[in-house]
Amino acid sequence: MIISAIIAEYNPFHNGHLLHIQETIKNTKCDYLIVVLSGSITQRGTPSIISKWDRAKAAVLAGADLVIELPAPFSLASAQNFSFAAVSLLESLKIVDFLSFGSESGDIDELAKVATVSDSFEVYEQTFENLKSGISYSVAKQISIAAAKNCDENILTSSNNILAVEYLIALNRLGSKITPYTYKRDTVNHNDLTPNGDFASATAIRKMIFESKPFEKYLPSYSFEMIQNANIASLDFIDFGIMPLLRSYSISSFKDVPEISEGLDHRILKNLYLSTSFSSFLEAASTRRYTKSRIRRAIFYSILKVKNTDMKITPSYARILAASKKGPALINLIKKASDIPIITKPKSATELLSKEQLNTFEIESRATDFCGLCKKTPVPGGENLTKSPFIEK
């Protein structure tokens, strides 16, 4: 029996994601496919355009057998922490044989070489030295790897390659027996705004949706219908409304908050008082070093009351968002192999989770409630405590 896994956001689920699932099933010859899916808030520090339950359902309709949530502290994290948390969750299941991911490179050996060099003490030391020049972490790391001269540093200029390298680093650090598999993404790049045939990036599709432009051809029909019928979410819907909350912040609001370092808290506060909307604040506060994504992450870590200590753990429970007809059998396999709690009914979380695990669950609940206010028509809170997983009939 072969069990493969994918780590994803599916924001929204499009033809490229469908191709990835099909390629994974075909080339790993798996009997079951697990997806670890970002919860309500994404790595860019934005709410997912439609709910995590709808995105999970789309994954099952595309061929996944089980969709497990990556909760907010980790789905919101930078590439390094996002990847390590997701891989750790898969490792804790104790049944996964393959981790499948797309990459612009498509060369697993070259990616592995970059991962080894990237995770060396020398590269980390040089990266933090390079940061003093005011560049972003990713650029600083790329320069450090180039200086090592043992691999192709240009691999780290592409978003999916960056995640691929971080997945490999996580597998190495965990001493995992999970085998990495990559396929070459050669349709569109991660943030490419120009479609290619029937393929468009999630970034481009979100832009089409919010600009009311046609996007149907870039999504499977079931995903398109979900979005057509969805109460979509965006920070733009609360662009002015969020400012009164943020104007109430002080330096203490950012104490022990992830992503806050080297004066970023002062920069955020200064620009909050000089700006009249969240979008204008982001424009004013961002720099080469402090990207908009990093600032959004810092802001939402503070809103969700996430502390640095919350990031020192890894996800240690499996919240089921969706399952195929074969899903229950896969859940039983996990229960036999692993000792982590499995949450199918959200109300059981208080009974099954430890204090530490329950804290992570509650952060995701706050994220889901916040994203509910970001919808075109805001919705009441509490959905994370009542919504059951989608089970294929």
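Analyst: Helix H11 (243–247), H13 and helix H14 (292–303) are among the elements that cover the buried residues of H12. Helices are DSSP runs of H or I with at least four residues, numbered from the N terminus; buried means under 20% relative accessible area with a 1.4 Å probe, protein chains only. This is a predicted model, in which local features need pLDDT of at least 70, side-chain atom pairs count only at pLDDT 80 or more, and totals for chains, interfaces and linings use all residues. Residues are numbered from 1 along each chain as its sequence is written, and side-chain values use heavy atoms, without hydrogens and water.

User: Which residues of H12 are buried?

Analyst: They are Leu264, Asp265, Ile268, Leu269, Asn271 and Leu272.

User: At what angle do H12 and H13 pack?

Analyst: Axes are lines fitted to C-alpha atoms over the stretch in contact, and angles run from 0 to 180 degrees between N-to-C directions. H12 (residues 264–274) and H13 (residues 278–285) pack at about 135°, with axes 9 Å apart. H12 and H13 are therefore oblique to each other, a class left after under 35 degrees (roughly parallel), over 145 (roughly antiparallel) and 65 to 115 (roughly perpendicular).

User: Which residues make the contact?

Analyst: Contact means heavy atoms within 4.5 Å. H12 contributes Arg267, Ile268, Asn271 and Leu272, while H13 contributes Phe281, Ala284 and Ala285.

User: How many residues does the largest nonpolar core have?

Analyst: Such a core joins buried Ala, Val, Leu, Ile, Met, Phe, Trp, Tyr and Cys residues through side-chain atoms within 4.5 Å. The largest has 85 residues, and Ile268 and Phe278 are among those with the most contacts inside it.

Technical notes. Buried < 20%, exposed > 50% of the residue type's maximum accessible area, 1.4 Å probe, protein only. Helix = DSSP H or I, 4+ residues; strand = E, 2+ residues; numbered from the N terminus.
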